[in-house]
Amino acid sequence: MMLLEPFHTDELNVKNRVVMVPMTRTRADNPELAANDLIAEYYGQRASAGLIIIEGTHVSRMARGAIRVPGIYTPEQIAGWRKSTGAVHAKGGKIFAQIWHEGRLSLSEILDGHLPMAPSAINPGTKVFSPTGEFKDTTTPHAMTIEEVKQTVQDFAQAAANALQAGFDGVEIHAANGYLFHQFFMKCSNTRTDAYGGNIENRCRFLFEVLEAIREKIDVKKVGIRLSPLLNKAQGMVQDDETEQLFTYMIGKLNDYPLAYVHLSGVTGDPAADTLKQVLDSARYYRNIYKGTLMINKGFTRDTANQAIEDGIADMVSFGDLYISNPDLVERFRANAPLNESDRDTFYTTGPEGYTDYPFYK
């Protein structure tokens, strides 16, 4: 089964093609917003994955939009993440940090009274959890100044350097699912008339400036990028007449960089859609454009993931929900064993329940 076989390139060397997808789990229940012992236990349990990509970790205080999420911009946070990287490496695993800025998907209460930052002052019209636990309407952001854009570029570069200092094997830039990069990409969230708005090249500029800044700090072979070309009518994103053209341009230009991988998120925003078919059709399209390692995600089983790899549609497949409830997912796949069901009520709570207490297969 190719899914369970090692995968080797000049940029990536993993023991199987099963990837743990980033999932926000809100367990950093401390004032420092630092990854703790419980988080280290969680990732250590799942170290048999070919690659773990941790939950999105904020690159600065102004990048925040979710509560109880560990950051990677202070010495305390770097030290906290060393617990997780150490736990995974002790079991022979590999682990990347997903570096994240939520942009307009935030609240002033989360940002110490400041307005969220975004390409344009457009409210996404969605809700997020406040520090008091209320589900509240997002705060209308302010349009980033050029100086703020440049500072955020440097925040990502420093976060990448911090990640390697914390022991991560690499980083994934979270440019998907309606967050800051995606907000620059789409017309519904970017009405700028300067070098970061208007035509497709300008709307992609922020991503490539971040890539260039990161490659000055770390080897770009240690960098992956997550994109969501299918997302529509979710997280405030609405596809437009240039969406496919934009992603075609961007993913083609990524061939200029020897990246670890490109990771296509399969989130569509359409609950009635045949997600797996859409994911596979999209992957086939971008497979013809992108020449590096391609990772795909959303709705896969052991067998459908293996088939996608055998058919040459992707090199690796990432799993989310299945990794929440099955810390030994690789071993269960290998034995074709039954899978635990996840408890959605505990996805974003605190403590070990629904986090580190799922049983291993005997």
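Student: Leaving aside its neighbours within four places in sequence, which residues is Thr 57 in contact with?

Tutor: This is a predicted model, in which local features need pLDDT of at least 70 and side-chain atom pairs count only at pLDDT 80 or more, while totals for chains, interfaces and linings use all residues. Residues are numbered from 1 along each chain as its sequence is written, and side-chain values use heavy atoms, with hydrogens and water left out. Thr 57 is found in strand 4, residues 51–58, where strands (E, at least two residues) and helices (H or I, at least four) are DSSP runs numbered from the N terminus. With contact taken as heavy atoms within 4.5 Å, and neighbours within four places in sequence left aside, the residues that Thr 57 contacts are Pro 70, Gly 71, Ile 72, Trp 81, Ala 97, Gln 98, Ile 99 and Trp 100.

Student: Is Thr 57 buried or exposed?

Tutor: Buried means under 20% relative accessible area, exposed over 50%, and partly exposed in between, with a 1.4 Å probe and protein chains only. The relative accessibility of Thr 57 is 0%, so Thr 57 counts as buried.

Student: How far apart in space are Ile 53 and Gln 98, C-alpha to C-alpha?

Tutor: Ile 53 also lies in strand 4, and its relative accessible area of 0% makes it buried. Gln 98 is among the residues that Ile 53 touches when those up to four places away in sequence are not counted. The two are 45 residues apart in sequence, and their C-alpha to C-alpha distance is 6.3 Å.

Student: Why does the span of helix 5 agree with its number of residues?

Tutor: The expected span of a helix is 1.5 Å times one less than its number of residues. Helix 5 has 16 residues, 200–215, and should therefore span 22 Å, which agrees with the distance between its end C-alpha atoms, 23 Å.

Student: At which residue does helix 5 bend?

Tutor: The bend at a residue is the angle between axes fitted to the seven residues ending there and the seven starting there. For helix 5 this angle is about 40°, and the residue is Phe 206.

Student: Within what arc do the buried residues of helix 8 fall, seen down its axis?

Tutor: The buried residues of helix 8, residues 302–310, are Arg 302, Ala 305, Asn 306, Ala 308 and Ile 309. The arc is taken from the directions from the helix axis to the C-beta atoms. Seen down the axis, these buried residues line one face of helix 8, because they fall within an arc of 160°.

Student: What value is phi of Leu 33 near?

Tutor: Leu 33 is found in the loop between strand 3 (18–20) and helix 1 (37–45), and at 16% relative accessibility Leu 33 counts as buried. Its phi is positive in a residue other than glycine, with a value near 50°.
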